[in-house]
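Visitor: Could you walk me through this model and tell me what lies behind the terms you use for it?

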Amino acid sequence: MKTRQGRATGKNDTDKTENKSSRIPGFYRLPVEQRLAFLARNFGLTDQQVSELRNGNALRIEHAVNLVENAIGMLALPLGLGLNFLIDGRDYIVPMAIEEASIIAAASKAALIIRAGGGFKTRVDKPIMIGQIQVLEIKDMDEAIKKVHEHKGDILNQANLASPRMVARGGGVFDIETRVVNGRDIGPMLIVHLLYDVRDAMGANAINSACEAAGPLIQSITGGRVNLRILSNLADRRLARAEFSLPFEYLSGKEMSGDIAAMRIVEAGQFAWADPYRAATHNKGIFNGICAAALALGQDWRAIEAGGHAYAARDGRYRSLTNFSIVDHKLRGEIELPLQVGWVGGLTNSHPGVKTLRQISGIRNATELAGVLAAVGLAQNFAACHALSTVGIQKGHMALHARSVAISVGVPADEVEAVAQEMINRGEVNTTVAEEIYRRMRKRPKLKEKRGDLPVEVFAPGKIILFGEHATVYNYPGITTTIDIGMTLRISRDPDGPRFVAPEYKQVFPIPSTEQDVQAFSKAVELALSMYGLENEPIAIQVESDLVPGMGLGSSAAFSVALCSALRRYKNISTHQRLDRKLFADVQRLESIFHGTPSGMDAATVLTNCVLWFRKGPPREILPIRTHTALTGLICLVEPGAATIELVQRVRDFRNRYPDTANKILEEIGNLTVDAGIALGIGDIPELGRLMFKNHELLVKLGVSTPALDNAVGLLLDRGVLGAKLTGSGGGGAVIALVKPDTQYELVNQLSEEFASVFPFTVRANT
Ligand code: NAD
């Protein structure tokens, strides 16, 4: 087979598309909502695009019925991002649609290693496709071939009449070739090839039209009978190549040194070159990556696969599409295969989901797409050969495989992780074990009428808002965490009960506990007792609290959680999840006594007792955030706080009066909260601190800070904290600061002089 190599012309050098980095450390640790928020922020996606990606419903049924016959719906697949791809000095994010576990992780990991060695280099041929015209019943084959070549100009003109616009773009049919092939039963036939430059298209339809247009002329020139007129998917004039070169040290691991790993990878490659049984599996791994990316980017992946497999057998024996060798003490990896891909036409522009993914990918034309797919195939194959030659692939597969086994037996999303983890711990990953574990988890003790032993004592922590207060009211996300101090609620026997002993709070400020407050607590207790059918129970409920009310530290949520949890324990109702839906609903009912219509953020934070991502929705997002590094901080009580409801109204009034200014501030807070989620995920503490100061500035602009709070933030800045801001609704209350661990206690001592009260908080890392 002849090849016409050369750098393709498809690159659009005037394209000034900003090249976003594909290196997003910790992306895999973030909850999906945070990942989407990150994409929306960095790639300018609309809410609709985000929702369509998340739910897999970008393609509408009205469109689907026009694409295929007998349409009945759509089939969704998991969609992820292949990261870390540095190709020809440019970053690409590779969307991948695939159901098989480990593929996206393996590609991203391989791309990260290869990136460290300088990334991939690619070479992509011009986009030349082959169209075939089959001519039978030819009397004089040599004469027919001669005439076809003599009439080349006429044939090209006739073929190009089918797509004048392609010619105008500098493409179209530019050459012909003739081949004679023997049918098994019908003897020799003439095959005329049209060589077609399809520019930025995959080109199947364009070339089929050209073949059909030229068919009658070829029939009359040759005197034979024309049968098929169709493209060839063995697009071997349109090869894409990718390569990398890695110093051995990037391959060394616990199991073996880098040079041994490299040698074993080379041996794995030689096995696949020599043996079709191995080559089939080896190449399947390559297409795991290529097809997943091709599908997500609207390509005809069947055409790509067919071309790849046919090319793998080009010397008469089916072989590997990659090659590994050792050159200058480095592992060199190479791939070469036909890649018939389009940046226009087909689904590329008509599927809204594909359009969004193109936007994220950073790819600008068909040539770049072919280079990216080649690099993805090579990365995938390198990952597999590396794992197979060193630790084997089962180890890496197990976690994801366990999750997919759990899903397959119907374990709900929020319990998949727990079931999967237990299977891994037991070393048994299969559907029977998954079902058994899940059944056991679901088995809740029957509601016994027997009361629990008394006394019952429950501790509920307080909470602070790390980022996003007020913006959460307008459906931007907020990030909260629990703190070490909280409230302890005790139920004891009392023959005169039920009786409630109102909490005695630490009085750091001279704030008289108003009649209203006491009434709210009593009302909440009354409601809780009736919710659990305990109106006539001989019990006393007593509360001790370290939380100062009205400071944004979540004292009402801690009270509501402690009360519901204690009454449930008293009634022997088990709570098997951190965010038990029924318990959450009960707590919210009590919270509404304190706050009218509470968003649920405080209750969810206290219940889950972790760093939480919250968006009120709908749909409501309550997700634990992965925190890469522990946080150490201070809470400084500055002055008596104002009622949340008043501050929320103040922002509403401001927004009514100055909608543009207010919306811009709220949006900035929303964006900053997304960035903070990422910084938490990757453990970028200095960035978190910077974002805290920025968040405070925006809250000042929103009109919810006070001179005392601003002075407090200024003082903390002078003392060298990493970040500081007001927390909660503002109008007074507390300020939080992020500090270096070794300064935390010293600062508590120093600042105790300055504030009514200062106490440390620590958030554990949760990876
Ligand atoms: P297409 O039919 O959508 O044609 C591409 C269109 O884009 C043409 O109208 C062309 O004029 C236009 N265009 C605009 N700007 C262009 C540019 N810069 N470069 C090139 N064209 C440009 O798509 P196609 O690529 O001809 O065909 C791809 C579709 O054909 C895929 O959906 C594929 O599944 C399908 N198909 C495949 C096979 C096969 O592989 N065996 C067979 C038949 C059909």
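Guide: What follows is a short tour in questions and answers.

Guide: This is a predicted model, in which local features need pLDDT of at least 70 and side-chain atom pairs count only at pLDDT 80 or more, while totals for chains, interfaces and linings use all residues. Residues are numbered from 1 along each chain as its sequence is written, and side-chain values use heavy atoms, with hydrogens and water left out.

Visitor: How many helices and strands does the chain have, and what makes a run count as one?

Guide: The chain has 25 helices and 20 strands. Both are DSSP runs numbered from the N terminus: helices are H or I with at least four residues, strands are E with at least two. The C-alpha atoms fill a box of roughly 115 × 60 × 60 Å along the principal axes.

Visitor: Why is α10 called oblique to α13?

Guide: The axes of α10 (residues 276-296) and α13 (residues 366-389) cross at roughly 135 degrees and come within 8 Å. Angles under 35 degrees count as roughly parallel, over 145 as roughly antiparallel, 65 to 115 as roughly perpendicular and the rest as oblique, so α10 is oblique to α13. The axes here are lines fitted to C-alpha atoms over the stretch in contact, with angles running from 0 to 180 degrees between N-to-C directions.

Visitor: Which residues of α10 and α13 meet?

Guide: Among them are His-282, Gly-285 and Gly-289 in α10, and Val-376, Gly-377 and Gln-380 in α13. Contact means heavy atoms within 4.5 Å. The residues of this contact divide into eight nonpolar, seven polar and one charged.

Visitor: How do you know whether Asn-84 is buried or exposed?

Guide: Buried means under 20% relative accessible area, exposed over 50%, and partly exposed in between (1.4 Å probe, protein chains only). Asn-84 has 6% relative accessibility, so Asn-84 counts as buried. Asn-84 sits in strand β1 (residues 79-87) and has a positive phi of about 75 degrees although it is not a glycine.

Visitor: What makes Pro-495 count as exposed?

Guide: Pro-495 has 73% relative accessibility, so it counts as exposed. Its place is in the loop between β12 (478-493) and β13 (499-504). The C-alpha atoms of Pro-495 and Ala-540 are separated by 8.7 Å, although these residues are 45 apart along the chain.

Visitor: Why is helix α20 described as largely enclosed?

Guide: Eight of the eight residues of α20 (residues 601-608) are buried, so the helix is largely enclosed by the rest of the structure. These buried residues, including Met-601 and Leu-607, pack against β11 (456-467), β12, α18, α19, β15 and β16. Just after α20, Asn-609 takes a positive phi of about 55 degrees.

How values were computed: Ala, Val, Leu, Ile, Met, Phe, Trp, Tyr, Cys and Pro count as nonpolar, Asp, Glu, Lys and Arg as charged, and the others, Gly among them, as polar.
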